[in-house]
Amino acid sequence: QVQLVESGGGLVQAGGSLRLSCGASGNGFSHKNMAWYRRAPGNERELVASIHSGGTTKYADFVKGRFTISRDNAKNTVNLQMNSLKPEDTAVYYCNVGGTYVSGRYIAVPRWGQGTQVTVSS
């Protein structure tokens, strides 16, 4: 059982930055793969970035060079630093903990928190 709490969202202007954080309760955090997803109104939830338990990161093409995913095993958190934000980044952002990799792609487990709203104005 893992409880997820996302925080750090807000309203920013295009070109601004936000840092999201996800706190995860439960055991074995350091051994788990993790990821950030987002869902915009009318769209499917999409993978933004993932980080392997060993530290390897992967990013969706639309955030490469702008976002950075990281983890702090001592604090049981996974973070997403978001720079150079664009209006199309507007969405509710969710973290996922404990997924697997299939052919190099992160596959989520069906457990989600409430998410945190990110709104980028133009």
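Arg38 stands opposite Tyr93 in strand E9, where strands (E, at least two residues) are DSSP runs numbered from the N terminus. The model is predicted, so that local features need pLDDT of at least 70 and side-chain atom pairs count only at pLDDT 80 or more, whereas totals for chains, interfaces and linings use all residues. Residues are numbered from 1 along each chain as its sequence is written, and side-chain values use heavy atoms, with hydrogens and water left out.

Strands E4 and E9 pair in the antiparallel sense over 7 bridges; two strands are taken to pair if DSSP finds at least two bridges between them. Strand E4 (residues 33-39) is largely enclosed by the rest of the structure, because 6 of its 7 residues are buried (under 20% relative accessible area, 1.4 Å probe, protein chains only). Strand E4 is also joined by 5 bridges to strand E5 (residues 46-51), and these two strands run antiparallel. In this pairing, Ser50 of E5 is the bridge partner of Ala35. E4 and E5 form a hairpin with 6 residues between them, and Gly42 in the turn has a positive phi of about 80°.

A further open sheet comprises 4 strands in the order E1-E3-E8-E7, with antiparallel pairing. Its edge strands, each pairing on one side only, are E1 (4-7) and E7 (67-72). From one strand to the next, the twist averages 15° (axes are lines fitted to C-alpha atoms, and angles run from 0 to 180 degrees between N-to-C directions). Strand E7 is joined to strand E8 (residues 77-82) by 6 antiparallel bridges, and Asn79 in E8 is the bridge partner of Ser70.

A search of the whole structure finds 1 disulfide, defined as a pair of cysteine sulfur atoms within 2.5 Å. The disulfide is formed by Cys22 and Cys95, with their sulfur atoms 1.8 Å apart. The pair links distant parts of the chain, 73 residues apart, with Cys22 in strand E3 (residues 18-24) and Cys95 in strand E9 (residues 91-102). Both Cys22 and Cys95 are buried.

Leaving aside neighbours within four places in sequence, Val78 is in contact (heavy atoms within 4.5 Å) with residues including Cys22, Met34, Trp36, Ile69 and Cys95.

Notes:
Buried means under 20% relative accessible area, exposed over 50%, partly exposed in between (1.4 Å probe, protein chains only).
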